[in-house]
Amino acid sequence: MSDSITEDLLVYLEELGIVERGVDAFTEADLNGYRERPACAIITMSTPPQEPSGTADVDYHRITFAVVSGMGEKGLTATNSMAMAIYHGFRPGPMRAVLDETICGTLYKCIRPVTPPYQVNWDEETRRVQYNIDLEVTRYIGEKAWA
């Protein structure tokens with residue numbers, strides 16, 4: 001089982017061809033070395049919405065993707081496109097969620113967007129924008145043989 005949900009979700013999006021880690025997708029730890037952040041998707045974790053299940057062997061997490069643009073109109077267009085691609089990447093099939101997907105050896109029972117991309121920041125002068133996408137993640141934490 002992988003130790004990092006944020007790492008696993010970046011791997012998943014990279015396998016779909018939506019992002020490239022270190023180019024346009026980063027964890028917060030990845031960005032520590034950057035003086036000026038590039039146009040990118042940044043994945044962060046929030047407080048889990050509830051305690052782990054004692055009977056179903058799963059835990060629950062809230063993940064936020066912050067998609068931040070570069071400057072100018074081109075950055076704004078690219079940010080809108082990336083935010084929607086990430087959102088749709090986590091809404092496949094008729095259930096509109098990623099179900100029973102093993103990523104880096106960890107079984108994710110459900111990865112579900114709970115919000116579409118929503119704007120949280122806009123700077124008129126630089127024309128930089130930020131959209132957030134919130135996900136709920138249910139991860140299997142039981143026997144490794146089941147994953």
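Accessible areas were computed by the Shrake-Rupley method with a 1.4 Å probe, and for residues only the protein chains shown count as cover. On this basis the chain exposes about 8,100 Å², of which carbon and sulfur atoms supply 49%. The model is predicted, so local features need pLDDT of at least 70 and side-chain atom pairs count only at pLDDT 80 or more, while totals for chains, interfaces and linings use all residues. Residues are numbered from 1 along each chain as its sequence is written, and side-chain values use heavy atoms, with hydrogens and water left out.

The secondary structure comprises 2 helices and 7 strands, taken as DSSP runs (helices H or I, at least four residues; strands E, at least two) and numbered from the N terminus. Along the sequence these elements follow the pattern α-β-β-β-α-β-β-β-β. Of the 147 residues, 44% count as buried (under 20% relative accessible area; exposed is over 50% and partly exposed in between, with a 1.4 Å probe and protein chains only).

Just after α1, glycine 17 takes a positive phi of about 80°.

Next comes the interior. A nonpolar core is a set of buried Ala, Val, Leu, Ile, Met, Phe, Trp, Tyr and Cys residues joined through side-chain atoms within 4.5 Å. The largest has 27 residues, and Leu9, Phe65, Ile86, Phe90 and Ile111 touch the most other members. Two or more residues come from each of α1, β2 (40-45), β3 (58-68), α2 (72-89), β4 (98-103), β5 (106-113) and β7 (128-140). A second, separate core of 5 residues includes Phe26, Cys40, Ala66 and Val68. Beyond its neighbours within four places in sequence, isoleucine 111 is in contact (heavy atoms within 4.5 Å) with residues including Leu9, Phe90, Ile103 and Val137.

Charged pairs complete the picture. There are 5 salt bridges, each a side-chain nitrogen of Lys or Arg within 4 Å of a carboxyl oxygen of Asp or Glu. Aspartate 59 pairs with arginine 139, their closest N and O atoms 2.7 Å apart; this bridge links strand β3 to strand β7 across 80 residues of sequence. Aspartate 59 is buried at 8% relative accessibility, and arginine 139 is buried at 9%. Arginine 21 and glutamate 7 form another bridge, at 2.4 Å, joining the loop between α1 and β1 (25-27) to helix α1. Here arginine 21 is partly exposed at 28%, as is glutamate 7 at 29%. Finally, Arg62, Arg112 and Glu136 are linked in a network of salt bridges.
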